Amino acid sequence: MQIHKVAAFTENGSGGNPAGVVLAETLPEQETMQRIAAEVGYSETAFAAPSGESWQTRYFSPESEVPFCGHATVALGAVLAEEKGAGRYQLSLSGGVIEVEAIMKEGMGYSTLCSLATRNGPVSDTLVEEALALFGYPGDALDRNLPPRLMSAGAEHLFLALDSRERLSAMSYDLEEGRAFMRHHGLVTVALVWREAERLFHARNAFASGGVIEDPATGAAAAALAGMLRDQGILTQGELTILQGADMGRTSRIVVRWDDPVGSPVMVSGTAAKIA
C-alpha cells in the first residue's frame, strides 16, 4: 500500500499543509486506517477506493476519524490526477457526495473541490467566553463587525474574528484543554481570522480535536467561512483569498469561489506539491 505525502495549498510551490493520501482497491479496516494516519503523523490522511462511479473516501487524523478535510481532498485530487489522469472525480463521504477536479502542471497538482452544502448559526455568549478564555484573549479582542458564528461545510467550526493581525499572531492555548473544549462542543476546529481587506483574510485554525495544535491550511474551514460570509450577506457573489500558516513558517494560499444561493456548495482551490 503506497502512502503519498503531499503538501496542499502551497504558495509558489512551498509551504502548504502536509497530508497523507492512500489509494486502494478497497478501503482497509477502520483500525488499519487509524493506525496508518497515526504513523504518517500529519493532521489528516485521506483514504480513497473506487466504488462505482465514485471514490469512497474517508479522512483520519492521528487520533480520530474526521467527516471532511479540505486540504487532504486537494492533495487527493493531485494524486488522482497524477495516477489516473486529469479530470473531475466524485467522492462519496459519510456526509454526502462532493467533487474534486484536478490537473497536473509542471510537476504540481492544481485541485478545486466542490464542498458539501454550507450552514451557519449563532453562538452563545457562554461558548464565546469559554473560547476567549482558552486562548487567553480579552473580550475586546474580537472584531465587532464580524460576530462569532458556528459554521460548517461538512465539518463544524467555531468562527472568531480578531481585531488585529497582532492578536492573531499571539494565538496560544493548551492542547489538552483545547481538546476537551472542542470535543465537548462538537467542534472540529476553532477558526481564528483577521480581515485585512474586504476579500482577504488571514487565518489560524486550532485543531486540538484531532490531536494537532494548529493546521497550516484548512480547506474545510475555508469553505465554511466563505459560505457563512455569503449566507450572512457580508459578501456578494465572487471569491476570497485566505492566507494561513505564516505563523508556523508554512505560508499557504486558499482561494474560495461561490455563487448566490444560500447554503449552496462553494469551490475551494489550491496547488499541491509532493513531499520528498
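Me: Are Tyr-59 and Phe-68 buried or exposed?
Reply: Buried means under 20% relative accessible area, exposed means over 50%, and partly exposed lies in between (1.4 Å probe, protein chains only). Tyr-59 and Phe-68 are both buried. This is a predicted model, where local features need pLDDT of at least 70, side-chain atom pairs count only at pLDDT 80 or more, and totals for chains, interfaces and linings use all residues. Residues are numbered from 1 along each chain as its sequence is written, and side-chain values use heavy atoms, with hydrogens and water left out.

Me: How many aromatic pairs does a search of the whole structure find?
Reply: Rings of Phe, Tyr and Trp (its six-membered ring) pair if their centres lie within 6.5 Å; planes under 30 degrees apart count as stacked, over 60 as edge-to-face, and the rest as tilted. The search of the whole structure finds 4 such pairs. In one of them, the ring centres of Tyr-59 and Phe-68 are 6.1 Å apart and the planes stand at 90°, so this pair is edge-to-face.

Me: Which residues form an aromatic cluster?
Reply: Phe-135, Tyr-137 and Tyr-173 form one.

Me: How many helices and strands are in the protein chain?
Reply: Helices (H or I, at least four residues) and strands (E, at least two) are DSSP runs, numbered from the N terminus. The protein chain has 6 helices and 17 strands.

Me: What span should helix H2 have?
Reply: The expected span of a helix is 1.5 Å times one less than its number of residues. H2 covers residues 70–84, which is 15 residues, so it should span 21 Å. Its end C-alpha atoms are 20 Å apart, which agrees.

Me: How many residues of H2 are buried?
Reply: H2 is mostly covered, with 12 of its 15 residues buried. Among them are Gly-70, His-71, Val-74, Leu-76 and Leu-80. Just after H2, Gly-85 takes a positive phi of about 110°.

Me: What radius of gyration does the protein chain have?
Reply: The radius of gyration is taken over C-alpha atoms, and the globule rule is 2.2 Å times the number of residues to the power 0.38. For 276 residues, a compact globule would come out near 19 Å; the protein chain has 17 Å, which agrees. Its C-alpha atoms fill a box of roughly 50 × 40 × 30 Å, taken along the principal axes. Of the 276 residues, 56% count as buried.

Me: Among contacts between residues at least 6 apart in sequence, what share joins residues at least 24 apart?
Reply: Contact means heavy atoms within 4.5 Å. In the protein chain, that share is 64%.

Me: How many salt bridges does a search of the whole structure find?
Reply: Side chains of opposite charge can pair when their charged atoms come close. A salt bridge is a side-chain nitrogen of Lys or Arg within 4 Å of a carboxyl oxygen of Asp or Glu. The search finds 17. One of them joins the side chains of Arg-58 and Glu-65 (2.8 Å, N to O). Arg-58 is partly exposed, at 23% relative accessible area. Glu-65 is partly exposed too, at 31%.

Me: Where do Glu-63 and Arg-183 lie?
Reply: Their side chains meet in a salt bridge (3.2 Å, N to O). The pair links distant parts of the chain, 120 residues apart. Glu-63 is in the loop between strand S4 (54–60) and strand S5 (65–66), and Arg-183 is in helix H5 (residues 175–185). Glu-63 is partly exposed at 39% relative accessible area, and Arg-183 is partly exposed at 45%. Salt bridges also link Glu-63, Glu-176, Arg-179 and Arg-183 in a network.

Me: Which side chain of opposite charge is nearest to Asp-143?
Reply: Lys and Arg count as positive, Asp and Glu as negative; His and the chain ends are not counted. For Asp-143 the nearest is Arg-195, 6.3 Å away. Asp-143 is buried yet has no salt bridge. Asp-143 sits in the loop between helix H3 (125–135) and strand S10 (149–152). Not counting residues up to four places away in sequence, Asp-143 touches Ala-161, Leu-162 and Asp-163.
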